[in-house]
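Reader: I'd like to learn how to read a protein model. Could we look at one together?

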Amino acid sequence: MRKMKRDENDTLIDRVFSPLKKLLGFFGDKIYSAQVALRRKFPRRKAVSIGVKRRNESIFYYLMLVFPILQFLVFYVGVNLNSVLLSFKEYRVGTGEVGYIWTGLSNYKQFFRDFFQGDALKQIGVNSLIVYACTLLIGVPLAILFSFYLYKRFPLTNLFKVLLFLPSIISSVIMVLMYKYFVDRGLPAIVERLFHIKMAPPLSASGTRFSYVLFYNLFICYGTSVIMYTSSMTRVPPSLIEYARLEGAGYFRELFSIVLPLIFPTITTFLVVGVAGIFTNQANVYTFYATDAPLDVQTFGYFLFGQVIAGRTTMAEFPYASAAGIIFTFIAVPLTMAVKYLLEKFGPSSEY
């Protein structure tokens with residue numbers, strides 16, 4: 001009885017799926033015939049020798065290198081070489097001569113004359129050093145503390161991540177615009193309502209604007225540094241942390257005795273890059289004041305940027321800016337190398 005039912009089921013299945021089997025078989029035969037026809041028309045090529053294969057790989061490799069090398073030669077070597085040559089020239093417009101002419105060291109002499117005999121470049125230099133000192137003495141320690149806080153996953157860690165990374169996500173123009181509206185409009189209104197004191201807009205008053213620009217730069221400088229420091233801290237072996245906790249070490253002892261020595265190479269990178277930034281960091285001054293920044297808030301980065309920005313200067317200022325940039329380079333390179341050498345020689349060294 002069971003055998004009869006099984007035979008009936010098999011017969012029913014064959015009736016249902018037999019058209020599908022025929023259809024699949026038909027397409028399968030067609031595909032096989034097409035493969036055979038293609039194989040006859042395009043027979044397999046002979047195996048390529050190892051020498052020919054390596055030659056083809058070398059050709060592909062060198063062709064892939066052509067574009068980046070060409071880009072490096074044009075946009076780095078060519079631009080910098082042109083800047084060096086431009087520093088020895090002067091742009092003149094007169095009867096019979098229009099363009100750059102060779103004048104030797106006149107731009108370098110003019111820069112040193114402006115620096116030692118004038119007050120503008122001295123003020124700019126002082127502002128640049130203040131920005132660097134604030135970043136070094138306040139920004140770096142706070143970034144390390146915030147990173148350690150995130151690394152230990154203390155309460156409100158996710159909230160701190162949002163607050164610290166938000167300035168890096170939002171456009172700097174938008175951040176500056178919100179900060180300017182709050183400082184120049186909201187803060188004076190709050191002070192006047194609470195204390196009945198008339199307060200001048202801080203970003204416009206000569207005695208306070210540089211301090212508020214510094215505060216803004218300290219507020220937004222934690223995005224990249226916190227990411228790097230936190231990433232380095234996650235590489236600290238958990239066994240060292242557990243051993244320190246068993247020995248009774250607190251969080252500050254853990255930070256200063258274990259974490260900081262192990263992430264010191266990352267700290268060294270930020271300190272070395274910061275030295276070079278003395279002459280390139282414009283501290284968002286252009287975003288605040290555009291081309292009309294007061295002298296007491298300008299930095300070397302803003303000074304160089306302002307010398308070549310479209311709409312403010314002409315081609316006559318380019319040689320002077322080139323000479324200033326080369327002078328800054330001759331100062332920054334040995335200074336940066338010296339700081340790197342001292343940090344690597346006298347700083348804590350550890351392997352893990």
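Predicted model: local features only at pLDDT ≥ 70, side-chain atom pairs only at ≥ 80, totals over all residues.

Reader: Where does S232 lie, and is S232 buried or exposed?

Author: S232 sits in helix α8, residues 223-233. Helices (H or I, at least four residues) and strands (E, at least two) are DSSP runs, numbered from the N terminus. Buried means under 20% relative accessible area, exposed over 50%, and partly exposed in between, with a 1.4 Å probe and protein chains only. S232 has 10%, so it counts as buried. Across the chain of 352 residues, 30% are buried.

Reader: How do I check a helix by its length?

Author: The expected span is 1.5 Å times one less than the number of residues. Helix α7 (residues 209-220) has 12 residues, so it should span 16 Å; its end C-alpha atoms are 17 Å apart, which agrees.

Reader: Which helices do the buried residues of α7 pack against?

Author: They pack against α4 (120-151), α6 (172-195) and α12 (285-289), where contact means heavy atoms within 4.5 Å. The buried residues of α7 include F210, V213 and L214.

Reader: What about the largest nonpolar core?

Author: A nonpolar core is a set of buried Ala, Val, Leu, Ile, Met, Phe, Trp, Tyr and Cys residues joined through side-chain atoms within 4.5 Å. The largest one here has 26 residues, and those with the most contacts inside it are I144, Y151, M233, V259 and I267. At least two residues of this core come from each of α4, α8, α9 (238-246), α10 (251-262) and α11 (264-276). The largest share, 6 residues, is from α4. Another core, of 19 residues, lies apart from it, with F288 and Y302 among them.

Reader: And which residues does Y151 touch, leaving aside neighbours within four places in sequence?

Author: Y151 is in contact with M233, T234, V236, I241, E254 and V259.

Reader: How do you find a pocket?

Author: Rolling a probe the size of a water molecule over the atoms shows where empty space is left. On a 1 Å grid over the protein atoms alone, using a 1.4 Å probe, a pocket is an open set of points with protein on both sides within 12 Å along at least five of seven lines; lining residues have an atom within 4 Å of a point. Grid points are joined across faces, edges and corners, and a volume is the space filled by probe spheres set on the points. The largest pocket here has a volume of about 750 Å³. Of its 34 lining residues, the closest to its centre are T135, C221, F270, G274 and N281. The largest share of that lining, 9 residues, comes from α4.

Reader: What can a phi angle tell me?

Author: Most residues other than glycine have a negative phi. L156 has a positive phi of about 65° although it is not a glycine. L156 lies in the loop between α4 and α5, and at 55% relative accessibility it counts as exposed.

Definitions and conventions
Residues numbered from 1 in each chain as written. Heavy atoms only, no water.
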